[in-house]
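Hi everyone, thanks for making time. Let me put the structure up, and then we can walk through it together.

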Amino acid sequence: MPLDVTDLLGQLTLEEKASLTSGSSFWYTTPVQRVGVPRVMVSDGPHGLRAQPGESDHVGLGESLPATCFPTASAIASSWNPSLLRRVGEALGREARACHVSVILGPGVNMKRSPLCGRNFEYLSEDPYLAGELGLGIVDGVQSTGVGTSVKHFAANNQEHDRLRVDAIVSERALHEIYFPAFERIITAGQPWTVMCSYNKVNGLSASENPWLLNTVLRQQWGYQGLVVSDWGAVYHRVPALQAGTDLEMPPRAASPAEIVDAVTSGALDETVLDQRVATVLELVSKAMAVLDVEETFDEQAHHQLAREAAAESAVLLKNDGGLLPLAASTRLCVVGEFARTPRFQGAGSSQVNPTRVDIALEELLAAYENATFAPGYGLDPGPKDDPLRDQAATAARDADAVVLFLGLPAAAESEGFDRSHMHLPANQLATLRAVCQANPRVVVCLVNGSTVLLDEVSAHAQAIVELWLGGQAAGSAVADLLNGTANPSGRLAETIPHRLQDNSSYLNFPGDSSRVTYGEGIFVGYRGYDASDVDVAYPFGFGLSYTAFQVTDLTLAQRGCVVNGDLAVDVTVTVTNTGDRHGAHVVQTYVRDVQASVARPPRELKGFGKVALEPGDSTRVSMTLDQRAFSYWSELRGEWVVEPGDFDVEIGADSRTILLTERITVDGPSVAAPLTADSTLLEWLQDPVGSGLLVPLKNHSALLQDEHLVQVIGTMPMSTLAGFGQGLDENDLRALVAALPS
Ligand code: GLC
């Protein structure tokens, strides 16, 4: 029976109301038995349930109940398959119900501003559109089971360094175009039960105390109806946070309820504000109560099988020279690398799951390949044993038909709580790579890492490369499926792999210092930055190979609606054909390029995608619609989204650097320039259709306006300044010009 929130508000005392806006313990809201309000439980995510019945912590130290560990975000995002993420979300919801957990604290949708962020394994992409579509899949899946989610961490939490204090100085345009859209998409289309506000400041104000973030943007602009929960320990001043829009403080801080009572009593806090926050908490509890009394279990084997399928679909085939992969079962295989025997399949910190089981790649490969041997090749902790291990591996590799070499990042290299300082694979592993490849050129490198690593040396030596990311508890069996061809790789990079860390646009401004970090690259994050700087990359955003081949043809565009009505739309359709000899899946990527803009814009931006699976020889039409937002940019001048009239290219890419088909459209609409004033520049007047017309009479007797070169020289001067020079344009002329402008 849902709670009668209005009635309860009338019954609750001030003290009871104040208590409801903080948790009662690490993972529970506060009950008020007197009026029948129960407590409900929340637990981490995002890629597996971390329900702690006993000792609680927010960094993954304490024990948690067994749960399926699915591929982490950076892995599953590489599937580019929202319906897969939805299925994983449904499974997460079923596991939460079995543990009486009402809200799963995920997905994490912060942008990957720098490859160094320690939690990049827990985030989906460097692109906001992709992250929004995929995050929505998870939220829809979880919430379809009657369990809530917490889209996190709102906002601009893009590093671990100094995360509780750092002030992210971000332009309004970069916030709206890069750091908000994934949240906006999930909130407007998925209504997540909760939003988790981040630890950091945004432009001077802590997220938990930031009314612009939590009220103006989240609730007024996006229409968010749910609850804002703090990140654990992210409330620094309870009353200002409550006023700004943080409904629930977690974990509880003993002094908070009394501070709220005092603030109301003294008049510093309007009780109606407290009532709003309490109502939001009660509405959450009312929804969340449904799972309190269920007695359900979940199908561990089915969930493990889903984890295996997801891990395989998340893998990205980066190289496969000579079609080395897939490897026949008869292949005399040498498996090298401690990661084959000691799997790393998830990241450290609050997302750490106690898996129901873990598949070991070495065991799976020994079972799949009857003539297989193993050599550790290196130690997970570099040391004196590395040299003999390396030599032993090279010897073992020499006579094999093919070598599968596991390389990756040790757990200590990346985690919640700190950032990396470089992108290199460990030196001892690279030494083994060189030795093994010298002994046998037929080497397949399998990568196990949460954040991107530099691959130039791997690419120079290995004949094939499969990026497995942190693929979850079933990654070991998934890699066997991929190598023997049971699964055909269909992953695509959701983040760029650069040649050098220095090429990344955030490099000079990461992680900041003195508790301030300036997002100097603005909107030019990830591929947007590499493309705008025309920097070569190792593997571009959207890249991924297959064991089969595809052809993409017949791009058609159908434009409808208009900018003025806000319903501009372009229907995009292409034909995809599997021209190879085995079943496979292809991702159609649709990018939009503003051919000529009055503001800086990235060369192209992902605005649509679709994944299709095809049998050999089959074709299908893939359609998607680009809405008005796909052509828009955030105008800081106007404080809103605008579409600048002109030409746009709609590009179909196999990845962000391989454009297969392009069609140009022309979009009409009102000028987005600032309205002309006396302080507009001469060039702005000349570029404005009305303004230039008004200047014609002046042109005839003003030397200023007759000389093209001179116009270029003085063109960026305000008219009010030029009028002061009095050479053919005086103050009276200017007053008359401004008066003649349409109001
Ligand atoms: C952590 C994380 C957050 C997590 C929460 C609870 O510090 O930032 O993602 O959900 O605390 O563990």
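Let's begin with a question: how do the residues of the shell around the ligand divide into nonpolar, polar and charged? There are five nonpolar, three polar and seven charged residues, where Ala, Val, Leu, Ile, Met, Phe, Trp, Tyr, Cys and Pro count as nonpolar, Asp, Glu, Lys and Arg as charged, and the others, Gly among them, as polar.

A word on the source: this is a predicted model, where local features need pLDDT of at least 70, side-chain atom pairs count only at pLDDT 80 or more, and totals for chains, interfaces and linings use all residues. Residues are numbered from 1 along each chain as its sequence is written, and side-chain values use heavy atoms, leaving out hydrogens and water.

Back to the ligand. Around it sit 15 residues, the closest being D44, R119, H153, Y199 and D231; to be near, a residue needs a heavy atom within 4 Å. In Y199, a side-chain N or O atom is 2.7 Å from a ligand oxygen. Ligand oxygen atoms also lie 3.3 Å from a polar side-chain atom of R163 and 3.5 Å from one of R50. The protein buries 100% of the 310 Å² that the ligand exposes when taken alone, by the Shrake-Rupley method with a 1.4 Å probe.

Now the sheet. Five strands form an open sheet, ordered β1-β3-β4-β6-β9, with parallel pairing; strands are DSSP runs of E, at least two residues, numbered from the N terminus, and two of them pair if DSSP finds at least two bridges between them. At the edges are β1 (42-44) and β9 (227-230), each pairing on one side only. Inside β4, G148 is the bridge partner of V103.

Technical notes:
Helices (H or I, at least four residues) and strands (E, at least two) are DSSP runs, numbered from the N terminus. A polar contact is a pair of N or O atoms within 3.5 Å; within protein, one must be able to donate a hydrogen and the other to accept it, and residues adjacent in sequence count only if both atoms are side-chain atoms.
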